[in-house]
Amino acid sequence: MSAEAEVRQVNKPAKAEARAVAAPASPPLTERQEARRRRILHASAQLAGRGGFDAVQMREVAESSQVALGTLYRYFPSKIHLLVATMQDQLEHMHATLRKKPPQGDTAAERVAETLMRAFRALQREPHLADAMVRALTFADRSVSPEVDQVSRQTTAIILDAMGRQDPTPEQLSAVRVIEHTWHSALITWLSGRASIAQVKIDVETVCRLIDLTAPDGRG
């Protein structure tokens, strides 16, 4: 294989990943199904917000959202599926809020750091809910891959919006993945009481500098 062909092969996954940011994970739901799903996610968030991970019981979610237990399991096969989907839904709402008030900053790194800290502070306001969602993400196995992928895509979309890059380079996508990992890790260490908000801010700002380092024009 020629050097040029190898470069094309390397770039294919990165370009596919960039396109996948907005790709739906499943066929569109009907209006009635979407309304039912929204009630389920709302009930999940409400229960988790009051009592954390252990408070989310599938029977209670079904009763609160006024759906049959069997119907709930058709939408979400387990509590882990449900809570990871709840995290994706919460991130989607955060993304909409962030779009209404875009981050300020002279560089992409500054804008992404501000965005992630705003998202972090939103989660901080509901620590029980944040803990439940992060625990579910940590416990997720291969069967929850579609829901976990949705969380990753949503996080990537938030970061790319803050960067102002809709067609990132492979190096930038790699930096975004490292930033995502650091942000999720920071959530875990903060929730477990092993890191302060000040330390989280330092870690997030530090890792976001990767964006400027990988910018094609050197300016982010």
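Reader: What makes H95 count as buried or exposed?
Author: In this predicted model, the relative accessible area of H95 is 5%. Buried means under 20%, so H95 is called buried.

Reader: Where does H95 lie, and with which residues is H95 in contact beyond its neighbours in sequence?
Author: H95 lies in helix α5, which spans residues 79–100. With neighbours within four places in sequence left aside, H95 is in contact with Q154, A157, I158 and D161.

Reader: How do you know whether Q66 is buried or exposed?
Author: The relative accessibility of Q66 is 68%, and the term exposed applies over 50%, so Q66 counts as exposed. Q66 is placed in the loop between α3 (58–65) and α4 (69–75), and its phi is near 60°, a positive value in a residue other than glycine.

Reader: Why is E126 called partly exposed?
Author: E126 has a relative accessibility of 41%; since buried requires under 20% and exposed requires over 50%, with partly exposed in between, E126 is described as partly exposed. E126 belongs to the loop between α6 and α7 (127–139). From C-alpha to C-alpha, E126 and G49 are 6.2 Å apart in space, although 77 residues separate them in sequence.

Reader: What makes the packing of α6 and α8 oblique?
Author: Helix α6 (residues 108–124) and helix α8 (residues 145–163) pack at an angle of about 140°, and their axes are 8 Å apart. The crossing in which α6 passes α8 is right-handed.

Reader: Which residues of α6 and α8 meet?
Author: From α6, the residues A108, R111, V112, T115 and L116 meet I158, I159, A162 and M163 of α8.

Reader: How do you know which term describes the packing of α2 and α3?
Author: The angle between helix α2 (residues 31–51) and α3 is about 125°, with the axes 8 Å apart. An angle from 65 to 115 degrees would be roughly perpendicular and one over 145 roughly antiparallel, so α2 and α3 are oblique to each other. R39, I40, A43, S44 and L47 of α2 make the contact with E60, V61, S64 and S65 of α3. Here, too, a right-handed crossing is found, with α2 passing α3.

Reader: What makes a group of residues a nonpolar core, and which members touch the most others in the largest one here?
Author: The members must be buried residues of the kinds Ala, Val, Leu, Ile, Met, Phe, Trp, Tyr and Cys, joined through side-chain atoms within 4.5 Å. The largest nonpolar core has 58 residues, of which W183 and C208 touch the most other members. Not counting residues up to four places away in sequence, W183 touches L91, L116, A119, F120, L123, T155 and V204. In soluble globular proteins, nonpolar side chains tend to be buried together.

Reader: How many helices and strands are there, and what share of the chain counts as buried?
Author: The chain has 10 helices and 0 strands, and 41% of its 220 residues count as buried. Among contacts with a separation of 6 or more, 73% are between residues 24 or more positions apart.

Conventions
Residues numbered from 1 in each chain as written. Predicted model: local features only at pLDDT ≥ 70, side-chain atom pairs only at ≥ 80, totals over all residues. Heavy atoms only, no water. Buried < 20%, exposed > 50% of the residue type's maximum accessible area, 1.4 Å probe, protein only. Contact = heavy atoms within 4.5 Å. Helix = DSSP H or I, 4+ residues; strand = E, 2+ residues; numbered from the N terminus. Axes fitted to C-alpha atoms, helices over the stretch in contact; angles between N-to-C directions. Left-handed = near helix turned anticlockwise from the far one by under 90°. Parallel < 35°, antiparallel > 145°, perpendicular 65-115°, else oblique.
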